[in-house]
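Hello,

Here is the structure I promised to hand over. Please open it next to this email.

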Amino acid sequence: MTTPEPQSPAPQPQVPEAKDRIHRSSAGIASGVLLLALAGWLGIDAIVVGHGRTPWLALAGLLLVVPLVVAYTLRPAIFVNDDRLRVRNPLRLIVLPWGAVADLRSGYSNEVLTTSGAKYQLWALPVSLRARKRAARQRARAAAAGEAERGSLLGTPGRGATPDEPPRAQTDKAMDDLRRLRDDRHAAASAQGEVTVRWAYEIIAPALAGAVLLAVLAALG
């Protein structure tokens, strides 16, 4: 009589990791594309058509300018999930577990403060004073409309506003979302860890090479 072989347990389905939510500046991306197109047009034209030292000067200028344009316009981004905040600034990449985030502060710039006292600017969420003023005007109109229509059961607040969601600038809304997520996940076990910072050598190296080449060409006269 043969005994049946024990069957191995069925493999458990893997739960896919949640994708990061990404915040970027559309205005920064648009300006970066325009600047790169202009620099490419002028630089390549000088390399192809120029004489003497002109092609070398154009090459050095492109090596210096293109990485910096990319760094300050296209590169900034914020990647968010339930465990950490990853801030990609022009020259650094900062990874902050939510447990290490003490506060998210908005003033003339948006910043994240760590429990150790460090402060990092959020380049991907630039503050727009113009957008804040426009949102303030919308709130004022909504408040005035609410006062005028108070007591009417069919009355509605001003255009673009509800009593629960007053108008806010887009970057201020994003900061509000980050603060809520930080409050919810600050004590979570999976959101603990150390803050790590990495320099963007892929940006710094070519820009430094361009600056050195320009200095050498200037020294040679």
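This is a predicted model: local features need pLDDT of at least 70, side-chain atom pairs count only at pLDDT 80 or more; totals for chains, interfaces and linings use all residues.

Three strands build an open sheet. Their order is β5-β6-β7, and the pairing is antiparallel. The edge positions belong to β5 (101-106) and β7 (119-121). Each of these has a single partner strand, so one side of each is left without a neighbour in the sheet. On average, neighbouring strands here are turned by 20 degrees against each other, direction ignored.

Now look at the β6 and β7 pair. Strand β6 covers residues 110-114. It is joined to β7 by 3 bridges, and the two run antiparallel. For a residue to start from, take L113: its bridge partner in β7 is K119.

**The helix across the sheet**

Helix α4 spans residues 170-185. It lies across β5 and β6. Against β5, helix α4 runs at about 165 degrees.

**The nonpolar patch**

Next, the surface. I44, I47, V48, V49, W56, L59 and L63 make a nonpolar patch of about 640 Å². Two elements give two or more residues to this patch: α1 (26-49) and α2 (54-74). Which element gives the largest share? That is α1, with 4 residues. V49, one of the patch residues, is found in helix α1.

Best wishes

Technical notes: Residues are numbered from 1 along each chain as its sequence is written. Side-chain values use heavy atoms; hydrogens and water are left out. Two strands pair if DSSP finds at least two bridges between them. Axes are lines fitted to C-alpha atoms, for helices over the stretch in contact, and angles run from 0 to 180 degrees between N-to-C directions. Contact means heavy atoms within 4.5 Å. Patches are made of residues with over 30% relative accessible area and no salt bridge: like charges are joined within 9 Å, nonpolar side chains (Val, Leu, Ile, Met, Phe, Trp, Tyr) within 5 Å. Accessible areas come from the Shrake-Rupley method with a 1.4 Å probe; for residues, only the protein chains shown count as cover. A salt bridge is a side-chain nitrogen of Lys or Arg within 4 Å of a carboxyl oxygen of Asp or Glu.
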